[in-house]
Amino acid sequence: MTVELSPTSTDSRRAMAGRLLSRYGILLAFIILFVVLSFAHQNFLSTGNITNVLRQVSINGILAVGMTFVILTGGIDLSIGSVLAFAGIVAGMLVTGADPSNPALALLAAVGVGAAFGAVNGVLIARFKVTAFVASLGMLSMARGATLLISDGRPVPNLSAEFRWLGQGFVGPIPVPVIAFAIVFLLAWIVLRFTVYGRWIYAVGGNVRSARTSGIPTRTVVFSAYLIMGALAGFAGAILTARTTSALPQAGLGYELDAIAAVVIGGTSLVGGVGSVVFTLIGVLIIGVIGNGLDLMGVSSYYQQIVKGAIIVAAVLIDRSRNSQS
């Protein structure tokens with residue numbers, strides 16, 4: 001017996017398939033990419049290479065988690081690469097020389113100065129209504145200038161071995177930066193998924209006027225998103241400095257684009273209110289796996305930049321298409 005589907009039923013199934021593809025297409029893309037690279041290069045699936053990929057994506061992952069908070073509120077932060085460099089220099093200065101400070105103190109100092117830059121961004125955007133693009137672009141220049149000023153444009157070498165453990169150490173077989181990223185990701189997921197504050201973040205990004213009339217302190221929520229972003233940029237700066245064994249004033253160049261790309265590729269809407277830190281994680285992994293795969297195949301870093309730019313443009317076009325259909 002043949003069962004004929006009505007047009008309504010067919011349209012409903014197509015709509016459901018479209019929603020599933022829209023929601024989980026990024027996960028499918030990551031699986032396909034992973035399988036293709038597994039066949040493309042024999043070393044891709046080696047334990048050493050997988051560990052290397054995870055360690056390389058950790059810094060971008062920490063930044064992308066913070067950027068998810070910011071973009072969910074409908075904002076953007078272009079200053080994080082410069083803030084990362086400034087925090088790294090501050091941490092480096094505290095753990096070098098004949099009488100280095102405690103590594104934990106250096107780490108806290110890096111997080112503190114990062115949070116301070118984030119707070120300034122937050123005040124400009126939430127209190128004085130400066131657009132996020134302009135405020136964070138100005139902070140990008142100021143933080144980079146401050147970095148060059150306090151370092152005199154030179155690297156800070158001879159970091160203490162205890163501090164370098166933050167970037168080069170292992171806990172069992174797992175690199176410390178990977179553990180740091182996992183902790184940041186887990187805390188962010190809990191906050192956004194299960195707390196009132198997490199719901200406020202989505203509400204402010206979805207419709208700030210409705211959120212305000214519902215009694216949500218919208219200015220405080222926006223301010224806090226940039227504060228979190230700045231603190232995580234400082235945290236990432238300390239770990240990157242420890243990994244590279246010296247604090248570099250030119251560190252972090254272009255890192256803001258990698259973080260934004262990971263968030264957008266993960267499906268978080270640039271207009272705010274829609275997204276998930278879980279899919280940001282997938283976006284981070286996709287960027288890391290593509291970079292690693294191209295490295296293994298000997299593709300020039302110049303071409304890698306072109307590929308990365310094309311991915312960002314494609315992700316933005318998909319985001320725009322998704323928003324126009326909603």
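Let's start inside the protein: helix α10 gives the most to the lining of the largest cavity, with four residues. Keep in mind that you're looking at a predicted model. The cavity holds about 50 Å³ of space, and the count of cavities of 30 Å³ or more comes to one.

Who lines it? The residues are L84, A85, G88, G237, L240, T241, T244, S246, A247, L248 and A251. The elements that put two or more residues into this lining are α3 (80–94) and α10. Sort the lining by class and you get six nonpolar, five polar and no charged residues.

## Two helices side by side

Now follow α10 to another neighbour. To describe two packed helices, you give the angle between their axes and the distance between those axes. Helix α2 covers residues 47–72 and helix α10 covers residues 218–244; they pack at an angle of about 170°, with their axes 7 Å apart. Angles over 145 degrees count as roughly antiparallel, so α2 and α10 are roughly antiparallel to each other.

On the α2 side, the contact is made by R55, Q56, I59, I62, L63, V65, G66, M67, F69 and V70. On the α10 side, look for A225, Y226, I228, M229, L232, A233, F235, A236, I239, L240 and R243. What classes of residue make up this contact of α2 with α10? There are 17 nonpolar, two polar and two charged residues.

## The second largest pocket

Both of these helices turn up again in the second largest pocket: α2, α10, α11 (255–265), α12 (277–296) and α13 (301–325) each supply at least two residues of its lining. Which helix gives the largest share of that lining? That would be α12, with eight residues.

About 580 Å³ of space lies in this pocket. Of the 25 residues that line the pocket, Q56, D258, I287, G288 and K308 are the closest to its centre. By class, the lining has 13 nonpolar, eight polar and four charged residues.

An unreviewed UniProt entry places the feature "transmembrane region" at residues 21–41, 53–72, 79–98, 104–125, 132–150, 170–192, 221–240 and 260–290.

You can check two of these spans against the model. Residues 132–150 are 100% helix and 0% strand, and the end C-alpha atoms lie 26 Å apart. For residues 170–192, the end C-alpha atoms are 29 Å apart, and the span is 74% helix and 17% strand.

Technical notes:
Residues are numbered from 1 along each chain as its sequence is written. This is a predicted model: local features need pLDDT of at least 70, side-chain atom pairs count only at pLDDT 80 or more; totals for chains, interfaces and linings use all residues. Side-chain values use heavy atoms; hydrogens and water are left out. Axes are lines fitted to C-alpha atoms, for helices over the stretch in contact, and angles run from 0 to 180 degrees between N-to-C directions. Angles under 35 degrees count as roughly parallel, over 145 as roughly antiparallel, 65 to 115 as roughly perpendicular and the rest as oblique. Contact means heavy atoms within 4.5 Å. Ala, Val, Leu, Ile, Met, Phe, Trp, Tyr, Cys and Pro count as nonpolar, Asp, Glu, Lys and Arg as charged, and the others, Gly among them, as polar. UniProt positions are given in the numbering used here, feature names are shortened, and annotations may be inferred rather than shown by experiment. On a 1 Å grid over the protein atoms alone, a cavity is a set of points where a 1.4 Å probe fits but cannot get out, and a pocket is an open set with protein on both sides within 12 Å along at least five of seven lines; lining residues have an atom within 4 Å of a point. Grid points are joined across faces, edges and corners, and a volume is the space filled by probe spheres set on the points.
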